[in-house]
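User: I would like to go through this model with you. Could we take it one topic at a time?
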Amino acid sequence: SILRTLTSHVHVIYAHGLLANSVFKTNNVDWDKNKSDYQGFLSDKNSDQTLENFSKCTSRCKSDSDLMHEIDVLIESKLSSNSLTTVFLQKNLGINRNRLQLIVKAYRGCTPVAYIRIQKLLKARALLQNTSCNVSEAGYAVGFNQVSYFSRCYKSLFGISPINDCR
């Protein structure tokens with residue numbers, strides 16, 4: 001039935017009669033004229049099952065703050081890897097590019113790519129200031145492939161060249 005292809009929340013709204021007497025048209029289908037297609041589906045037994053499925057779905061949904069925490073954990077775990085990309089985050093979190101962009105922008109005030117870069121540079125700064133590693137070692141340790149790009153990004157963020165920020 002066509003109604004079965006709609007999302008669970010539409011079933012719940014219809015099952016509770018909030019739209020019971022209105023004409024609900026989608027894709028040129030007049031639901032009032034096709035009641036026989038969905039009346040069996042909306043019986044009490046099926047409505048309870050639909051409500052149960054809806055509850056399961058909403059309990060699996062994570063809040064944006066939970067997702068931001070998971071983003072931070074994933075970034076921290078892969079900080080030194082070249083595979084740390086927005087695509088990696090999307091796949092591991094099960095969210096699309098737009099949702100990732102909205103969450104990071106809302107919680108950190110920058111794009112996901114910029115946030116990853118900032119986290120790498122913060123880790124590199126800690127390495128430079130607290131260990132005896134040199135600029136190229138710090139850059140490579142946090143996943144930068146080119147020392148010149150690392151130095152340029154570092155100076156742009158901190159206002160000081162990484163060589164002048166060494167221990």
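User: To start, how much space lies in the largest pocket?
Analyst: This is a predicted model. In it, the largest pocket holds about 250 Å³ of space.

User: Which residues lie nearest its centre?
Analyst: Those are Leu84, Ile116, Arg117, Lys120 and Phe144, out of 13 residues that line the largest pocket.

User: And which element gives the largest share of the lining?
Analyst: Helix 7 does, with 4 residues of the lining of the largest pocket.

User: What is the lining like by class?
Analyst: The lining of the largest pocket consists of 6 polar, 5 nonpolar and 2 charged residues.

User: Let us stay with helix 7. How does it cross helix 9?
Analyst: Helix 7 spans residues 112–130 and helix 9 spans residues 147–158; their axes come within 10 Å and cross at roughly 95°. An angle of 65 to 115 degrees counts as roughly perpendicular, so helix 7 is roughly perpendicular to helix 9.

User: Which residues make that contact?
Analyst: From helix 7, the contact involves Arg117, Ile118, Leu121, Leu122, Ala124, Arg125 and Leu128. Helix 9 contributes Tyr149, Phe150, Cys153, Tyr154, Leu157 and Phe158.

User: Changing topic: where is glycine 143 found?
Analyst: Glycine 143 is in the loop between helix 8, residues 135–141, and helix 9.

User: Is that glycine buried or exposed?
Analyst: Glycine 143 has a relative accessible area of 13%. Buried means under 20%, so glycine 143 is buried.

User: What is it in contact with, leaving aside its neighbours within four places in sequence?
Analyst: Glycine 143 is then in contact with Leu79, Ser80, Asn82 and Lys120. Lysine 120 is 23 residues away from glycine 143 along the chain, and their C-alpha atoms are separated by 7.5 Å. Lys120 is also one of the residues nearest the centre of the largest pocket.

User: Finally, the chain as a whole. How many helices and strands are there?
Analyst: The chain has 9 helices and 2 strands, and along the sequence they follow the pattern α-β-β-α-α-α-α-α-α-α-α.

User: What percentage of the residues is buried?
Analyst: Of the 167 residues in the chain, 32% are buried.

User: And what share of the contacts with a separation of 6 or more joins residues 24 or more positions apart?
Analyst: Such residues account for 54% of those contacts in the chain.

Notes
Residues are numbered from 1 along each chain as its sequence is written. This is a predicted model: local features need pLDDT of at least 70, side-chain atom pairs count only at pLDDT 80 or more; totals for chains, interfaces and linings use all residues. Side-chain values use heavy atoms; hydrogens and water are left out. Axes are lines fitted to C-alpha atoms, for helices over the stretch in contact, and angles run from 0 to 180 degrees between N-to-C directions. Angles under 35 degrees count as roughly parallel, over 145 as roughly antiparallel, 65 to 115 as roughly perpendicular and the rest as oblique. Contact means heavy atoms within 4.5 Å. On a 1 Å grid over the protein atoms alone, a cavity is a set of points where a 1.4 Å probe fits but cannot get out, and a pocket is an open set with protein on both sides within 12 Å along at least five of seven lines; lining residues have an atom within 4 Å of a point. Grid points are joined across faces, edges and corners, and a volume is the space filled by probe spheres set on the points. Ala, Val, Leu, Ile, Met, Phe, Trp, Tyr, Cys and Pro count as nonpolar, Asp, Glu, Lys and Arg as charged, and the others, Gly among them, as polar. Buried means under 20% relative accessible area, exposed over 50%, partly exposed in between (1.4 Å probe, protein chains only).
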